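This report describes selected features of one protein model. Please consult the sequence and the coordinates alongside the text.

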Amino acid sequence: MAIAILHLSDIHLGSSFTHGRVNPDTGTNTRLEDFVNTLSRCIDRAIEEPADLVLFGGDAFPDATPPPYIQEAFAAQFRRLADADIPAVLLVGNHDQHSQGTGGASLCIYRTLAVPGFHVGDGIATHRISTRNGDVQVLTLPWLTRSTLLTRPETEGHSLAEVNALLIDRLRPVLEAEIRRLDANIPTILLGHLMVDRATLGAERFLAVGKGFTIPISLLIRPEIDYVALGHVHKHQNLNPANNPPVVYPGSIERVDFSEEKEDKGYIWLELEKGKANWEFCTLPVRPFRTIEVDVSQSEEPQVAILNAIAKYEIEETVVRLIYKLRSEQLDEIDTPALHQALQPSHTYTIRPELVSQLATPRLPELGASSRIDPFAALQAYLGNRDDLREIAAEMLEAAQLLLEEDVLEELGA
Ligand SMILES: [Mn+2]
């Protein structure tokens with residue numbers, strides 16, 4: 001009998017608030033309601049089938065200290081699994097970890113409370129889990145940082161690439177020891193929150209840049225392992241076309257930002273036996289995002305051209321961003337209130353006019369024409385002009401600071 005497993009990841013409850021509005025009936029941001037509804041669809045499926053096990057691949061919240069009402073919304077969904085006697089493994093992702101100390105991850109509360117059937121994966125360990133359809137072992141590999149396996153003196157004076165190589169050297173024997181202890185007779189899953197060197201990236205590359213490291217896929221493709229359940233990358237993909245074993249990112253359950261506009265969102269339904277993993281990506285009906293980009297700089301009637309561009313799309317219930325390019329002389333021809341009116345049926349919207357320059361002037365005037373600029377100042381100026389990156393601007397600057405300390409940008413000649 002196969003073991004039925006629901007694998008989901010990157011819930012990010014509490015993200016994307018700038019794409020929502022306050023629901024006047026509940027006082028809650030509509031994007032939190034979206035994320036909770038989508039999460040509840042996953043839990044519904046697990047309970048209806050029922051699943052024998054639920055695997056969560058990490059990143060429950062945007063950070064390790066979510067406000068209590070967001071913690072509670074997450075807990076209210078996962079406790080339905082406990083009520084239905086469905087075991088679950090909650091893996092710790094990079095957004096769930098405190099930057100300082102250990103054991104402080106936002107998900108550790110579930111171990112402290114000893115929720116029946118719940119396992120928290122905050123270390124490299126194997127969890128043997130009894131399900132209705134037999135035992136399964138889940139080797140957990142949470143998000144690793146340089147401080148997980150290395151000490152400060154070991155990393156000092158080394159480049160990021162060298163530290164990455166050092167970490168892989170440390171990880172290899174630790175993982176090997178764990179794999180040797182596995183029971184060869186029962187189905188085995190590796191559950192990891194990590195960046196695999198073969199992955200195509202999404203929003204997480206902005207959210208976590210400079211903080212983690214990349215794992216070669218050869219470490220994960222092992223005959224002892226029947227299915228590799230991943231988290232971290234927001235775009236669904238199977239990294240092993242040969243499928244022996246499947247190496248699968250389910251992706252985020254909702255669109256976190258516009259970089260995920262065109263991606264389907266969903267979870268994985270898996271039927272697992274020793275040596276055999278049948279899996280399927282199940283799409284979730286998530287809120288649509290739509291970029292409407294139009295260049296009216298050559299248009300006689302720019303206002304009409306913009307309204308026509310908007311009219312092309314069904315924008316009801318959609319998160320919309322309108323970007324229009326025009327010449328500065330056309331500014332007076334734009335009736336902005338009428339644009340707001342046209343976008344009214346959307347869920348939420350932003351409007352960004354962009355001036356096309358007639359001359360070869362710098363794209364950002366504050367950068368001036370000097371040939372040598374400080375990369376950090378350049379990034380700051382760039383981010384100051386990108387409303388859509390405001391949410392992650394602080395993190396990007398922090399990551400850039402780290403890179404600069406590592407002299408990486410200098411090496412690149414930036
Ligand atoms: Mn992550």
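## Pocket, sheet and cores

Strand β17 contributes 6 residues to the lining of the second largest pocket, the largest share. The model is predicted, so local features need pLDDT of at least 70 and side-chain atom pairs count only at pLDDT 80 or more, while totals for chains, interfaces and linings use all residues. Residues are numbered from 1 along each chain as its sequence is written, and side-chain values use heavy atoms, with hydrogens and water left out.

The lining of this second largest pocket comprises 35 residues, of which T18, H19, D388, L389 and E391 lie nearest the centre. A pocket is an open set of points on a 1 Å grid where a 1.4 Å probe fits, with protein on both sides within 12 Å along at least five of seven lines; lining residues have an atom within 4 Å of a point. The elements below each supply at least two lining residues; helices (H or I, at least four residues) and strands (E, at least two) are DSSP runs.

| Element | Residues |
|---|---|
| α7 | 204–207 |
| β16 | 319–326 |
| β17 | 348–355 |
| α11 | 390–405 |

An open sheet of mixed pairing is formed by 6 strands in the order β5-β6-β7-β10-β12-β11, where pairing requires at least two DSSP bridges. Strands β5 (125–131) and β11 (237–238) are at the edges with a single partner strand each, so one side of each has no neighbour in the sheet. Within the sheet, β7 (residues 188–193) pairs with β10 (residues 227–231) in the parallel sense over 5 bridges, and L190 is opposite V228 in β10. Helix α6 (residues 160–180) packs on the sheet and touches β5 and β6 (134–141), contact meaning heavy atoms within 4.5 Å.

The largest nonpolar core has 40 residues, of which L8, L13 and F74 touch the most other members. Such a core is a set of buried Ala, Val, Leu, Ile, Met, Phe, Trp, Tyr and Cys residues joined through side-chain atoms within 4.5 Å, buried meaning under 20% relative accessible area with a 1.4 Å probe, protein chains only. Helix α1 gives the most to this core, with 7 residues. Among the residues that F74 touches are I11, L39, F56 and Y110. A second, separate core of 28 residues includes L194, V196, L239 and V247.

E260 is located in the loop between β12 (247–249) and β13, and counts as buried because its relative accessibility is 0%.

How values were computed
Axes fitted to C-alpha atoms, helices over the stretch in contact; angles between N-to-C directions. Buried < 20%, exposed > 50% of the residue type's maximum accessible area, 1.4 Å probe, protein only. Lists of a residue's contacts leave out its neighbours within four places in sequence.
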